[in-house]
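Have the structure open as you read.

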Amino acid sequence: MGLVDGRVALVTGAGRGQGRSHALKLAAEGADVIAVDIGGGQVETISYELASEADLDTTVSAIEAMGRRAVKAIADVRSLSDLQAAVDAGLSELGKIDIVCANAGIGGWGVCWEMSAQQWHDMIDINLTGVWNAARAALPSMVERGEGGCVILTSSTAGLIGYANTAHYTAAKHGVIGLMKVMSAELGPHRIRVNAICPTTVNTQLVTYDATSELFAPDKTNPRPDDVSDAFTSLNSLPIPWIEPADVSEAVAWLCSDAARYVHGIALPVDGGNTAKKGS
Ligand SMILES: NC(=O)c1ccc[n+]([C@@H]2O[C@H](COP(=O)([O-])OP(=O)(O)OC[C@H]3O[C@@H](n4cnc5c(N)ncnc54)[C@H](O)[C@@H]3O)[C@@H](O)[C@H]2O)c1
């Protein structure tokens with residue numbers, strides 16, 4: 001028996017990183033998956049590329065190789081109609097949605113009084129409105145079905161504390177936790193559990209691109225992971241610079257499982273002691 005046998009999970013940002021890891025973990029635990037990502041391209045105000053359609057295909061193939069069903073959906077989480085189309089395709093092929101992982105997001109750096117309005121809007125549109133859009137598209141079918149379910153919103157330690165150089169990101173991630181609290185109040189009576197997950201630094205493209213390394217090792221030219229690992233380690237109390245996507249997926253799978261059936265309305269840090277160290 002898997003932790004989520006027979007359930008159907010919608011995962012945004014499933015093309016790579018944590019989203020792919022969550023999709024594969026949930027499939028390994030018995031779920032079919034609606035795998036959503038943007039299918040390539042770039043947000044102009046961030047300096048790295050988003051996952052390609054080929055990345056999403058890799059996720060889908062890996063789910064199918066486990067004997068689970070997958071529906072591939074290209075959608076921009078900034079668009080409610082894109083997400084509604086993804087949900088509708090998933091419902092018509094897989095029949096229901098039990099789990100929503102609203103995980104897609106971008107990273108970026110900037111001092112609050114210097115960042116452009118476009119930087120601010122791109123971040124809020126993807127990392128906050130995109131999370132609401134995923135929930136908004138999927139929830140009516142879950143409420144109407146009346147069988148309960150589980151929603152996990154990806155926040156961050158930046159949803160619990162403030163990091164300099166991330167006003168837009170921190171505001172969006174705090175917003176995600178506010179959204180989770182309201183959703184847990186509104187959906188509890190429908191037996192739909194809603195929680196947020198708050199990882200510390202995770203080893204994904206969102207933090208491994210050049211701008212991050214330059215910020216964390218300003219004295220180095222073309223810094224490498226070794227040059228920045230001490231700076232990242234200083235954020236945590238466990239002696240680790242970052243965690244892996246699979247570490248977050250373990251917590252996601254547990255939150256989705258019946259073992260967590262009364263866990264509802266929490267922001268769960270998976271953070272190596274990062275937020276406790278800062279008094280959160
Ligand atoms: N990496 C970290 O250190 C870290 C820490 C805490 C929280 N998070 C959060 O975890 C989530 C996943 O990020 P990750 O670390 O796996 O990074 P990632 O860049 O590897 O993955 C993000 C995924 O989201 C997708 N995406 C981005 N914008 C999209 C859009 N508009 N529409 C559809 N898909 C879109 C990307 O294509 C990509 O597949 C994000 O919400 C991020 O803010 C990351």
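## Where the ligand sits

A pocket here is an open set of points on a 1 Å grid over the protein atoms alone, where a 1.4 Å probe fits and protein lies on both sides within 12 Å along at least five of seven lines; lining residues have an atom within 4 Å of a point.

This is a predicted model, where local features need pLDDT of at least 70, side-chain atom pairs count only at pLDDT 80 or more, and totals for chains, interfaces and linings use all residues. Residues are numbered from 1 along each chain as its sequence is written, and side-chain values use heavy atoms, with hydrogens and water left out.

## Who touches it

Around the ligand there are 30 residues (a heavy atom within 4 Å), with Asp37, Asn103, Tyr169, Val202 and Thr204 coming nearest. Asp37 also puts a side-chain N or O atom 2.5 Å from a ligand oxygen. Arg16 has a polar side-chain atom 2.9 Å from an oxygen of the ligand, while Gln18 brings a polar backbone atom to 2.8 Å from a ligand oxygen. The protein buries 99% of the 830 Å² that the ligand exposes when taken alone (Shrake-Rupley method, 1.4 Å probe).

The largest pocket has a volume of about 880 Å³, counted as the space filled by probe spheres set on grid points joined across faces, edges and corners. It has 49 lining residues, and Gly105, Ile106, Gly107, Tyr169 and Leu206 are the closest to its centre.

Note on methods. Polar contact = N/O pair within 3.5 Å; in protein donor to acceptor, adjacent residues only side chain to side chain.
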